Amino acid sequence: MLFEGLNEKFQNVFSGLKKKGKLTEADIKAANREIKLALLEADVNFKVVKEFTKIVAERANGEEVMKSLTPAQQYIKIVNEELIKLLGGEAHELEIKKDEPNIFMMVGLQGAGKTTTAAKLANLLRKEKKLNPLLVACDVQRPAAVEQLKVLGRELNIPVYSFEQKMNPRVIARQAVAEAKKNGNDLVIIDTAGRLHIDDNLMTELEDISGLVKPSEILLTVDGMTGQESVNVANEFNDRLGLSGVILTKLDGDTRGGAALSIAYTTGQPIKFIGTGEKLTDIEVFHPDRMANRILGMSDVLSFIDKAQDMFDMEKAQELEEKLRAQEFDLNDFRDQIEQIQGMGDIGGLLEMLTGSNKIKNFDSKAAEKQASRQIAIISSMTEEERLKPNIINSSRRKRIAAGSGVQVSDVNKLLKGFDQTKKMVKQLTGTPGKQRRKRRFRLPFNIG
Ligand SMILES: Nc1nc2c(ncn2[C@@H]2O[C@H](COP(=O)(O)OP(=O)(O)O)[C@@H](O)[C@H]2O)c(=O)[nH]1
Ligand SMILES: [Mg+2]
């Protein structure tokens, strides 16, 4: 799980302080020490740890904490604020120009996620900024790399500029930009080669490409699973190329947090995006405040809402809302709702964002998804009349539906009960028009945990 170790340790420190009420200087010193150890253990760069804990200690020793009526809360607030600063403060937007090609260059070590992220970014900016992207295959080191980008381009229906035979990547880059101007592509994303280690030949190649096409963004892709060894690499790239930002990938695995917490501070370059999975939609704008919340184990409601809004079909949502108001919510709508939430993918991951990870340790997302599939099967075994008028589903109908969907009658009963509850709840929420409306986005149609 993301930042599991850090998360747990911060929670321990905080709950220890909360139990104490008044805090002495020694309490704060002990808390600072524990945080320092937690960060070092997460493989955060030593200088970053030193600086961070120094600032927290200074602020925590001031009157702000000691004289506060809620010293523990005050301490947590300081840690949170400093963590946000460490992660870069605010979200940093990409610089997008109008009426001329925006040229981005992806750089980084081999395997960091450049090629995948180039495709993700092209897809995202096409959707969000209405840009017309061209992907450029400048990794001619490995023949498979060109093919990889072409496959991604086909999947997304985004053109890829590439050559079958081995060409000088400088030439490819320059021709690609000319091609983009000709074809009206206002976004050119250049995928470049990477090595396992910093390599002078490669750096020269990247410098040359950059000099030729003058990219407005040079984005360093960093494997988020790495620790402080990422710092030297990032500094080297920054010194040679002058980065405009960092993209941290693979923040969907068991990342300890080393790279994430070190890199913005040590390079002075903002983290602009994070990669959160292998799918081409698994990319998010990086929000330092939200990330800090997740690291500290506070709930990340905003990311959850963003994701939900993104995945939730707004037209359907509106249609649903109309029906709810007219009190016409039926089992077809209920099934739609389950399917939409299922379509959002990793339900456990969403709940993790929503609740702050500690509390849902026991949540079994596979089981929840299985249950959702079962519920859909049950509803699908009903006749249309039954779906529209659930009241007519008597016990013999229940038996038939159970047999048809391969479940027990008790499962059918449970589903109908869940449907009734949902209906009741939305009735309450929509009962006073206009007042509570905004609060009801959707709810999970099954029990958690
Ligand atoms: N889980 C996960 N895998 C990723 C992510 N980004 C990239 N990958 C995977 O990391 C591997 C290397 O990615 P690739 O784009 O080929 O890296 P490159 O060598 O820098 O171009 C591939 O298997 C990708 O699917 C991410 O955000 N999450
Ligand atoms: Mg690649």
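This report walks through a predicted protein model, from overall totals to single residues.

Because the model is predicted, local features need pLDDT of at least 70 and side-chain atom pairs count only at pLDDT 80 or more, while totals for chains, interfaces and linings use all residues. Residues are numbered from 1 along each chain as its sequence is written, chains are lettered from A and ligands numbered from 1 in the order in which they are written, and side-chain values use heavy atoms, with hydrogens and water left out.

## Overall picture

The protein has 20 helices and eight strands. Both are DSSP runs numbered from the N terminus: helices are H or I with at least four residues, strands are E with at least two. The chain total is 449 residues, and 50% of them count as buried. Buried means under 20% relative accessible area, exposed means over 50%, and partly exposed lies in between (1.4 Å probe, protein chains only).

Contacts with a separation of 6 or more are 75% between residues 24 or more positions apart. Contact means heavy atoms within 4.5 Å.

## Helix 1 against helix 2

Two packed helices are described by the angle between their axes and the distance between the axes. Helix 1 covers residues 4–20 and helix 2 covers residues 25–41. They pack at an angle of about 175 degrees, with axes 9 Å apart. Axes are lines fitted to C-alpha atoms, for helices over the stretch in contact, and angles run from 0 to 180 degrees between N-to-C directions. Helix 1 and helix 2 are therefore roughly antiparallel. The cut-offs are under 35 degrees for roughly parallel, over 145 for roughly antiparallel and 65 to 115 for roughly perpendicular, with the rest oblique.

From helix 1, the contact uses Leu-6, Lys-9, Phe-10, Val-13, Leu-17 and Lys-20. From helix 2, it uses Asp-27, Ala-31, Glu-34, Ile-35, Ala-38, Leu-39 and Glu-41. By class, this contact has eight nonpolar, no polar and five charged residues. Ala, Val, Leu, Ile, Met, Phe, Trp, Tyr, Cys and Pro count as nonpolar; Asp, Glu, Lys and Arg count as charged; the others, Gly among them, are polar.

Gly-21 sits in the loop between helix 1 and helix 2. This glycine is partly exposed, at 33% relative accessibility.

The table lists C-alpha pairs.

| Pair | Separation along the chain | C-alpha distance |
|---|---|---|
| Ile-338 and Gln-375 | 37 residues | 8.1 Å |
| Met-203 and Leu-241 | 38 residues | 8.2 Å |
| Gly-21 and Gln-73 | 52 residues | 9.9 Å |
| Arg-294 and Phe-3 | 291 residues | 8.1 Å |

Ile-338 belongs to helix 15 (residues 331–343). Its relative accessible area is 0%, so Ile-338 is buried. Met-203 is part of helix 9 (residues 200–213) and is buried at 1% relative accessibility. Leaving out residues up to four places away in sequence, Met-203 touches Ile-198, Glu-236, Phe-237 and Arg-240. Arg-294 lies in helix 12 (residues 288–296). At 18% relative accessibility, Arg-294 counts as buried.

## The loop between strands 7 and 8

Thr-276 lies in the loop between strand 7 and strand 8. Asp-282 is buried at 8% relative accessibility, and Thr-276 is buried at 19%.

The side chain of Asp-282 reaches the backbone nitrogen of Glu-278 at 3.5 Å. Neighbours within four places in sequence aside, Asp-282 contacts Lys-120, Ile-274, Gly-275, Thr-276 and Gly-277. With that exclusion, Thr-276 contacts Lys-120, Asp-252, Asp-282, Ile-283 and Glu-284.

Most residues other than glycine have a negative phi. Asp-43 has a positive phi, near 65 degrees. Asp-99 also has a positive phi, near 65 degrees.

Asp-43 is in the loop between helix 2 and helix 3 (46–61). Asp-99 is in the loop between helix 5 (71–86) and strand 1 (102–107). Is each aspartate buried or exposed? Asp-43 is buried, with a relative accessible area of 19%. Asp-99 is exposed, at 79% relative accessibility.

Note on methods. Polar contact = N/O pair within 3.5 Å; in protein donor to acceptor, adjacent residues only side chain to side chain.
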